[in-house]
Amino acid sequence: MSQQAIFVVAAAIFGIGVYGALSQQSFVMIMMGLELMLNGAMLAAAMVWAMVAGGTPKGQLLVVVLMTVMAVEAALGFALVTGIYRVRKADITEKLKRLKG
Amino acid sequence: MEGGAAALTILVVALGAFLILKGVGDVLNPPRSTAPSRVPFSGGLSPDTHAWNRYHVRYYPMALLFLAFDMEMVFMYPWAVVFVEEGLIALIEMLMFITILLFGILYTWREGAFRWS
Amino acid sequence: MIADAVFWILAVLAVFSAWRVFRTDSMVRAAYWLLVSFVGVGLIMVMLKAEFLGVILILMMGGEMTIMAVFMVMFMMNPAGLNPMIMVHQNRAAMAAGFGSFALLSAVGLFARFPASVVAPTARATAELGTELLGDSMLVFQTAGVTLLAAMIGAVALVSVRGRFGPADEGSDAPEQQPAADADVDSSAPPSSTGPSSSAASSPTPPAPSTTPEVTEGAMPADHSHEGA
Amino acid sequence: MVVRSILARLAKKAPVPVFLISGIGGDEITDRLRLDDRLHVTDSPRPAMILMIAGRLTSDLKYAALQVHDQMAEPRAVVRWSPAERDPAAEVFPHFVAVDAVAAAAAATLAAAAVNTRDDLLAGSFPSSPPLLPDVEPNPWRGVGPWGQGGTGMTGGVPYGRPLPERAKDRDGLQLDQLLMRVGPFLPALPEGLILEVRLQGDVIQDVTVGANPFVEEAVPDSEEEELPAFPGPADLAPFLASLRVPVAVAELELARARHHLRWLGHALRVHGLAALGRRVLALSARVHSQGAGSSNALGSAEVVELRRSLERNFTLAWATRGIGRLSGDQLAALDGGPVARAAGIERDERCADPAYLALGFKPVVYAGGDALARWRLRLHEAEQSLRLAETAGNSMTTVTGTAEGPTGPLGRGPGPSSRLLPLLPELLTGLEWGDAVTTLLSLDLDLREAALTPPGSGVAPAWAW
Amino acid sequence: MVGEALSTAGLALAVVAVMIGGTYVAAVLDVLFTRLTMRVAVRPLAAAALPLRRAAQLALQRRTLTERPDAGTWALAPAVLAALAAVSLAVVPLTGTLIPVEADTGIVVFAAAMALVVVAVYLQGWSPNSPLSLVAAYRFVAEGLSYEIPFAVVLIGTALPARSLALVPIVTSQEHLWNVIRQPLGLPVYLITVLALSFWGPLALPEGQDVAGGTSLELSGVPRLLWRVAQLNVLVAVSAMGAAVFLGGWLGPWLPGGVWMALKTLFLLALLVASRQFFARVRTESFVVVAWTVLTPLALVDVFLAGIQAMVAAR
């Protein structure tokens, strides 16, 4: 359980999140990708707090802020998806592009 | 840390025990079925479609409110630990924070968004 | 030693379940795979002495992922994945970006030199966080409150249909869309979810969609993904 | 094997899980079966061991009974009792335990047979009933589609035998899937025999179609079968139907009314989550029965008063029913009286026209709320009133024939109360959450057996005549 | 190393024993209360044997299937529910010395485990692909999102006088006055929310008669038995936690701590189990509205009152 090991795990989760956010067509699935990226970031932040920064409270605060970001992102994201579905009757990104054109 | 290990052990043991018991039940009486026996029960008639559908969650505004309001807990737990030491300032700050959040509930309630849409 | 083994089990669990999120057809399973990933990360945080953060992450995500599941089921066609489906575009580019960011970040983690300053075993992490929130970072704390309030009001105002700004579904009957109108869309893959669109949907049950063009989309990965689009 | 025998020995004295099906002539027996300590009546056929059929099955009920039979877990068996000497529906159950008893003893005999059959099933000396419906998938699907799951594309085909639900409009503006749910005749929360085709979006009802009444039998003209036996109607309506033709003792009618209301209350409480209390009320209703007319005291009225007092104070019950299932003015007018109308402030009661009742100082009970709450309060109040009337009535007889105030509404004038209520259901239930819809249905006290006396197609000639 | 592992195993065994014992007692209590409400003869021996007999009967059944269920999540749901109940019971100190899991964040662990109950119940209702079961699953999500905040907040209230999230300080902080008196709003709100959490009695929304049993509608045989057991496990866990944080846990005169803890847990368990004989099932929508507009504000008021009280006491 070294710094490096945790960082690699965090990077792997982040990378999967990047893949998901870029490849998925459904808005909600894209949000899952974002959440995974934040998940990886939180793990890295927690590791930095515990192993690099020697337990400064600011490190914990960073994780808390990331969690808040996640909640806000989720709440507004779902609200937007609902609004989009209400009007467009679909929740996938392709449709939006098409409507623009 | 040691507590974590014990908790994890208990979690895994309980999870495993229940899965094993179900497995034992299946060994004792292997499930078998015919197509009519698999029809979901709704009083003796058959449905046309699968039950799984794009389920219209009638309380989705409340679910969104929950997402944001739930975050208050993250702040409240550390606050509770240092409350007595910090004294009045802690009380005032949390009162402010909660009051701000309560406006969210008030707004949602006033919009009638707790009711089934 | 045991701690290392537990860490690696949790790490593999977190990464594996994160990968399963995008490889399962059932929306409920996808959401709960994500939850498993969060639980894995939360438990690793507990091992890192960030006990409170790890547990609260699990607490938050329990609710959040259920809401995630509920919304995904609400808006995805075929939410249980009874027909296999892959709703991806630019798959290869995304894969490359994912691997790229993983490689880059891992390289940073493996080769950059961080100071090693381990948290004191006696630290009262939760109390410190509390003091920080009430003291130095008081503004962060209160800003979070305002941000959350804004999120709540914004979200509820966006979704509620009986708001005071008139019915929210006004104009929701979109005109029939012409898939071919846009050149940048693969014309063999017309809108996938317009099966019973506006006009047809006014009758309660349109006929089975097997004859509508939507069936071509999402059937096979090869047909479907807009690689290099 | 050892494990199994130990478990079987342990299980022997457990109450037998039965799924109750009540056919024609079985309505009173099922109530008595619910009171039997040896049985445990289940909500779903899945955990039941014994399918208990009381009464004669019509052809509509027969298919549903077969379906329910197949849904039960093994080991399972059928125990049945029928009032008819020859029951054509019996032939579909190749293996069953038939109970031969007069109606009065049927419940006790059925319960005893269920216990014996269960013990034999567990001991392995009685074979578990095999599946009865042919093992045919609802739609052929195997091998179709890229993974052989029966569908192609994202929503096409019949994956695993059934299509996926389709989208439909909604009051909320989100066009999500609409689930067609056929509920029916044996769903324990609904009135016996009621079949509904409900379109749900989420848990809100978009559309309701009331299915054919399974208690209505159409005689097959050219069949070799003998004549169908006369349909007796619901048992607890018998004195009221009799009073249409001849004068009947007021005490008898009022006892029957109290019994009906208590019986209804017992079922309603069970559905509202107060199963044990509901059973107590059912037992109370049975006691009113056994004491019969004539005895002027100890009719259980003290218990009813106590019950009423405690239920009036039950705030969760009030909370669960307040404001649910209000009828519009037109709908109330279509009812032409009855408890549902009286619970909405309409003071109409056939008994007011009967001098025998007026002599007893009868005044109809009227509540103002018009919701499910007012209805159960009214019925409880009426039950208490009826018991009082029965106590004071002595030997007085009704003087009016041709019409009567039945426990669910006026009889003898056109269609019966349930026949009047059934057409209102689609309008009434649309837009309600499923749980509220069940509360509404429950509060209306529908009786499909009574509705079968005046089937919708029969026009103006009600079947009261026979 | 070995000794440590042994003591861990011993503590885990203690949790399992309390869980099994508590579940059995809850089942017997339910039989007793049911028969008392029915006003039929109560034979204590028969009542004690009845849960076992019923369980044996279910164990002998062949489990039924539905059309294309999600078999994996269906099998997992009762196991997850039971595991969550076990973890949350494990953080509750049984006596001053018998503490299965000594976590610094005891009530957070408990709240987190209980927050995941929604997942288990939702999966149970979702998996069989059955319409009424699906309705029940979504009902419980509505219920879960409503009770979770007041539930966690009243627990935070008990942490204030203790200045700690760990359970041992929370119990010892009640040495002079139990939290049930000090924070009068706490226990009532807690009991209502845990009724919702264990979907029991008036708040058994996903198992209501109107959905023909809902989440357990399609269950027979062993899975049904496991689901019932897991539900009672949750009741036991929340009773034990309620006894620890509101009724002073093992504190009490004359009797040994373990006995006090057992008595208090039994008291709360009996209250919870009996509730289903007295209260009709409420409507989902009504519960959601009340949980947000009454229970949540009440819980917050409780926390602030507890805070002021703790601050005054610390002076």
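Which domains does the domain assignment of chain B give? Domain 1 covers 1-38 and domain 2 covers 57-117, with bounds that come from an automatic or database domain assignment. Taken over C-alpha atoms, the centres of these two domains of chain B are 38 Å apart.

Some conventions. This is a predicted model, in which local features need pLDDT of at least 70, side-chain atom pairs count only at pLDDT 80 or more, and totals for chains, interfaces and linings use all residues. Residues are numbered from 1 along each chain as its sequence is written, while chains are lettered from A and ligands numbered from 1 in the order in which they are written.

Now helix α2 (residues 27-52) of chain A and helix α3 (residues 51-75) of chain C. Helices here are DSSP runs of H or I, at least four residues, numbered from the N terminus. The two axes come within 11 Å and cross at roughly 170°; axes are lines fitted to C-alpha atoms over the stretch in contact, and angles run from 0 to 180 degrees between N-to-C directions. So α2(A) is roughly antiparallel to α3(C), a term for angles over 145 degrees.

Which residues of α2(A) make the contact? They are A:Val28, A:Met32, A:Met42 and A:Ala46. From α3(C) come C:Leu53, C:Leu57, C:Met68, C:Phe71, C:Met72 and C:Phe75. Contact means C-beta atoms, placed from the backbone, within 7 Å. The residues divide into 10 nonpolar, no polar and no charged. Nonpolar is Ala, Val, Leu, Ile, Met, Phe, Trp, Tyr, Cys and Pro; charged is Asp, Glu, Lys and Arg; the others, Gly among them, are polar.

Last, chains E and D: 46 residues from chain E and 44 residues from chain D take part in the contact. On the side of chain E, α2(E) gives the most, with 8 residues.

Technical notes. Two residues are in contact if their C-beta atoms, placed from the backbone, lie within 7 Å. Helices (H or I, at least four residues) and strands (E, at least two) are DSSP runs, numbered from the N terminus. Angles under 35 degrees count as roughly parallel, over 145 as roughly antiparallel, 65 to 115 as roughly perpendicular and the rest as oblique.
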